[in-house]
Amino acid sequence: MQRTAVTTPAQQTKGITLERHIRDEERKHPGARGVFTRLVSQISLASKIVNAEVNKAGLVEILGLTGHTNIQGEEVQKLDEYANEVFRRALDHTGPVAALASEEMEDPYIVPGELLDEGQYVVVYDPLDGSSNIDVNVSIGSIFSILRRPTKSGPARLEDFLQPGTKQLCAGYIIYGSSTMLVYTTGNGVNGFTLDPSVGEFFLSHPDIQIPPRGKIYSINEGNSATWDERVSRYVAHLKKEDKAAGRPYSARYIGSLVADFHRNLLKGGIFLYPGDKKSPSGKLRLLYECSPMAFIVEQAGGAASDGKGRILEIQPAKLHQRTPLVIGSREDVAEALRFLSGEAS
Ligand code: FDP
């Protein structure tokens with residue numbers, strides 16, 4: 001007798017395109033007008049253009065691009081500035097996007113009125129995260145977050161961006177790695193799509209991603225250990241202490257590219273920390289376009305994200321480029337880290 005493999009409903013959708021997936025998701029919401037399909041499609045287009053440039057990054061020197069000028073005499077843009085422009089141009093004429101803010105822009109880009117139809121959303125993004133890794137051919141990424149704009153009319157304002165992460169409608173990232181993947185959530189689970197470069201399309205490869213409740217990996221820049229708070233040092237020492245029953249010691253994995261470190265831990269389980277330290281009490285990472293989107297994704301995948309005291313998603317931002325300490329990953333690992341950081345465990 002022939003056996004038929006049992007597949008879950010999520011697995012049955014494997015292989016569908018990103019665009020169809022968003023459209024199917026959108027259909028579940030009565031009254032949806034295809035806005036998300038448009039926005040995420042534009043983000044996916046931008047990511048493909050950035051991906052093509054990232055893949056060529058190593059060729060810049062040998063193709064004869066010297067200094068700041070290329071062979072046509074044009075100025076060569078840094079890849080992160082280039083990526084910033086690609087995402088901005090992909091989104092500034094869609095109609096529903098009233099303003100964009102990014103790591104590469106000091107102030108928000110307010111979309112001119114004539115390009116708006118409904119103009120009810122703002123998008124925050126980090127066009128090329130982990131950019132110090134570009135020159136050495138290590139995975140980097142882009143991060144995005146879509147919010148409804150609370151001010152309903154006139155040009156968008158700074159306050160439209162200053163919303164806690166709980167208000168995000170959609171968040172995601174693209175990892176430019178050994179393959180290129182787009183992972184996103186709209187608050188209904190997390191799905192990952194892999195780019196097939198031969199046809200230029202993202203296909204659902206990782207339906208309904210769930211982060212393991214506990215991992216075996218910790219990711220932190222140990223080079224900063226001299227400036228860590230005692231409690232962080234005690235937690236990291238604890239992870240290295242052998243206890244077979246508890247699954248310790250953990251393995252250290254740190255790429256120094258948030259998207260890549262986060263993506264690995266999301267799939268394998270583990271914890272990523274970028275704590276505040278004596279030099280930088282708020283840490284390094286930015287709340288609105290790094291920590292909040294990742295926190296939304298990890299919570300949707302069953303994990304947790306904290307600034308060491310409370311939920312990342314509940315922080316009310318005061319500034320566009322605000323930094324926050326970050327502890328993110330498997331639920332039980334984050335809970336244990338917080339016991340150390342609060343002084344409850346030592
Ligand atoms: P980068 O400076 O290379 O852009 O916030 C940016 C970021 O990388 C993150 O992607 C990464 O997790 C972190 O900084 C790495 O910082 P350290 O070099 O201080 O560890």
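Residues 24 or more positions apart make up 63% of the contacts (heavy atoms within 4.5 Å) in the protein chain that have a separation of 6 or more. This is a predicted model, in which local features need pLDDT of at least 70 and side-chain atom pairs count only at pLDDT 80 or more, while totals for chains, interfaces and linings use all residues. Residues are numbered from 1 along each chain as its sequence is written, and side-chain values use heavy atoms, with hydrogens and water left out.

**Overall build**

- The protein chain holds eight helices and 13 strands, where helices (H or I, at least four residues) and strands (E, at least two) are DSSP runs numbered from the N terminus.
- Because its radius of gyration is 21 Å, close to the 20 Å that the globule rule gives for 346 residues, the protein chain is as compact as a globular protein of that length; the radius is taken over C-alpha atoms, and the rule is 2.2 Å times the number of residues to the power 0.38.
- The C-alpha trace of the protein chain spans about 65 × 60 × 50 Å along its principal axes.

**Burial**

- Among the 346 residues of the protein chain, 51% count as buried, meaning under 20% relative accessible area with a 1.4 Å probe, protein chains only.

**Cysteines**

- A search of the whole structure finds zero disulfides, a disulfide being a pair of cysteine sulfur atoms within 2.5 Å.
- The sulfur of Cys 170 has its closest cysteine sulfur in Cys 291, 18 Å away, which is too far for a bond.
- Cys 170 counts as buried at 0% relative accessibility, and Cys 291 also counts as buried at 0%.

Technical notes: Buried < 20%, exposed > 50% of the residue type's maximum accessible area, 1.4 Å probe, protein only.
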